Amino acid sequence: MFSHGARYVGAASTTLVEGWTLERLTPPSRLFGANGLRTGPDGRVYVAQVAGSQISALDVDTGELETVSAQGAAIVAPDDLAFDARGDLYATEYYDGRVSVRGADGTTRVLRDDLPGANGITFHQGRLFVDECRIGGRLLELDPGGGAPRVLAEDLPMPNALEMGPDGRLYYPVLGTNDIWRIDPDGGEPERVAGDLGVPDAVKFDAEGYIVSTQVATGEVLRIDPRSGDRTVLATLAPGLDNLTFVGDRLFVSGFTGTVTEILGGGRTREVLPSGLTWPLDLTTGADGTLYVSDGTYFYSFTPGGGLRTLGMLFSPGWPGYIRGVTAAGEGEFVVTTSNGQIARWRPASGEHEVLAGGTEPLDQLYGVAIAPGGGVVAAELGTGRVLAVQDGAGMALASGLDRPTGVAFTADGTCLVAESGAGRVVSVGGSGVDTVVDGLETPQGILVRGGRLLIVDAGAKSLIEVDLETKARTVIARDLPVGAPPGVDLEPLKGLPPFTGPQGLFAGIAAGPDGTVYVSGDAEGSVLAFRKAG
């Protein structure tokens, strides 16, 4: 996930050249994911957004959102939240391995910066507890004054959002073993409370002392007796649940897609905030015109009138990894690049993927991918400045020394074009070397060849540009696009941590349907845009 930030307020002012129309196929997201939830002293629900790199406060009755810590502020990719008795807000920063404190006066300081995978966090009677959601993670008590941490447990397989129970023991879910554990924070061995769940990723306690836990893989909200381990399903939602909180006796849960849902009695629910895209990256279309959207931990199809349909997500069988680049490779088949550093052929329906390159030695920050007219696969490796052709399970360099290559496309005659985002140009690569096709751009990312014309998403200029490949004449189709970093905000890629290996950066993808519709991922607002030319 990467640093998205506040919703892109300039999106409504997008301007088009005459003869083109714009339609938002998906509405802008109100939250870029909803991860840690914590009820604040003011009764509002505070929402950590890893993908949004921001913290928002939600009024659960009105749906009103206030940005508390915005993109570009000191807190980066917050995952979970806790308040101390003074009302200071503590946030774990998963990618940066930090715990930061935002004071009630608005100032921010870093408490610890040596906790890889820092995730769950909770206060109890002035004592601060944190765990690391990674293989070999630790459960720690931190000194709010900055002293050395105390290790309560270690070598844990991905512990997550934790909470102190009414019995004075600390309860923590473990994703890697699919169970919930507890430990006396003053000493003793960990004890397994419940197992064979739906991959628990958060625990809290209701007024009667029962555990309430979200299940990320099954979408269940469970109520568990901590004495016997017996469980009841309170509600079943979509997979991808992340955390929960109580406002009085009212229960609210969060999801990867930015949804916040109130759990009512009898299995009923109330949507407080709707789902949305959290990180739309690359796009591709099938021969029948179906649009496919890579949204980081989710992969969707989109059909007019049918909306988004989930084809796969982080916990789906055969999931290839956190998807960045994608191109359709036949009916129900895709070639993807992942943040794991792999190029893979993926069949969502059968839950299978085949690694084409990067299996033994992961590649460095893969982005765009394309299939040549002859069937060969080519991808951009931003971290090394290379363009790779897949051959015999490895990536063979077609070009090297490029400045942050991102998008890849082919012309009808098989010429490979690459967006060199760091150099502000699009180049052709091949046996004759690297030649400039279009220069004078700011930050080109997604590119597409349609007929004899090259379409470029220039995230720096926030423009969609069309270039005649023969005459080199260029037209700006749209300006003020909701892509890239907000004006005045200088973003740095997030550090990597499995299964979201990084660094993670920005990438606005582009695709076209057989009817000529041009699609662009509005990554700054979490939308997909459709551009159509009259006639």
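Which residues have the most contacts inside the largest nonpolar core? In this predicted model, they are L291 and F299, and the core they belong to has 34 residues. Six strands each supply at least two residues of this core: β28 (291-295), β29 (298-303), β31 (323-328), β32 (334-338), β33 (343-347) and β49 (527-533). The strand that gives the most is β29, with four residues.

A separate core, the second, has 17 residues, among them L448, L464, A478 and V518.

Before going on to other regions, a word on confidence. The mean pLDDT of the protein is 92, and 95% of its residues reach 70 or more. Residues 1-12 are another matter: their pLDDT is below 50, although in the model this stretch has 64 contacts beyond near neighbours in sequence. Where pLDDT is low, predicted coordinates should not be read in detail.

One consists of four strands in the order β7-β8-β9-β10, with antiparallel pairing. Its edge strands are β7 (78-83) and β10 (108-112), each of which pairs on one side only. On average, and with direction ignored, neighbouring strands of this sheet are turned by 25 degrees against each other. Inside the sheet, β8 (residues 89-93) and β9 (residues 98-102) run antiparallel and are joined by five bridges. T92 has V99 in β9 as its bridge partner.

The other sheet also has four strands, in the order β11-β12-β13-β14, and is open with antiparallel pairing. Here β11 and β14 stand at the edges; each has a single partner strand, so one side of each lacks a neighbour in the sheet. Its neighbouring strands are turned by 15 degrees against each other on average, direction ignored. Five bridges join β11 to β12 (residues 127-132), and the two strands run antiparallel. The bridge partner of I121 in β12 is V130.

Because Y90 lies in β8 and F123 in β11 (residues 118-124), the pair ties together parts that are 33 residues apart in sequence. Both Y90 and F123 are buried.

Another edge-to-face pair is that of Y367 and F507, with 5.8 Å centre to centre and 70 degrees between the planes. Y367 belongs to strand β35 (residues 366-371), while F507 is in the loop between β46 (474-479) and β47 (510-512); the pair thus links distant parts of the chain, 140 residues apart. Y367 is buried, with a relative accessible area of 2%, and F507 is buried with a relative accessible area of 2%.

Most residues other than glycine have a negative phi. D480 is partly exposed, with a relative accessible area of 34%. A positive phi is also found at M158, which is not a glycine and has a phi of about 70 degrees. M158 is placed in the loop between β14 (150-157) and β15 (163-164).

Is D458 buried or exposed? With a relative accessible area of 2%, D458 is buried. This residue lies in strand β44 (residues 453-458). Neighbours within four places in sequence aside, D458 is in contact with L441, E442, T443, P444, S463 and I465. Its C-alpha atom is separated by 8.5 Å from that of A508, a residue 50 places away along the chain.

How values were computed:
Residues are numbered from 1 along each chain as its sequence is written. This is a predicted model: local features need pLDDT of at least 70, side-chain atom pairs count only at pLDDT 80 or more; totals for chains, interfaces and linings use all residues. Side-chain values use heavy atoms; hydrogens and water are left out. A nonpolar core is a set of buried Ala, Val, Leu, Ile, Met, Phe, Trp, Tyr and Cys residues joined through side-chain atoms within 4.5 Å. Buried means under 20% relative accessible area, exposed over 50%, partly exposed in between (1.4 Å probe, protein chains only). Two strands pair if DSSP finds at least two bridges between them. Axes are lines fitted to C-alpha atoms, for helices over the stretch in contact, and angles run from 0 to 180 degrees between N-to-C directions. pLDDT is the predictor's confidence in each residue, from 0 to 100. Contact means heavy atoms within 4.5 Å. Rings of Phe, Tyr and Trp (its six-membered ring) pair if their centres lie within 6.5 Å; planes under 30 degrees apart count as stacked, over 60 as edge-to-face and the rest as tilted.
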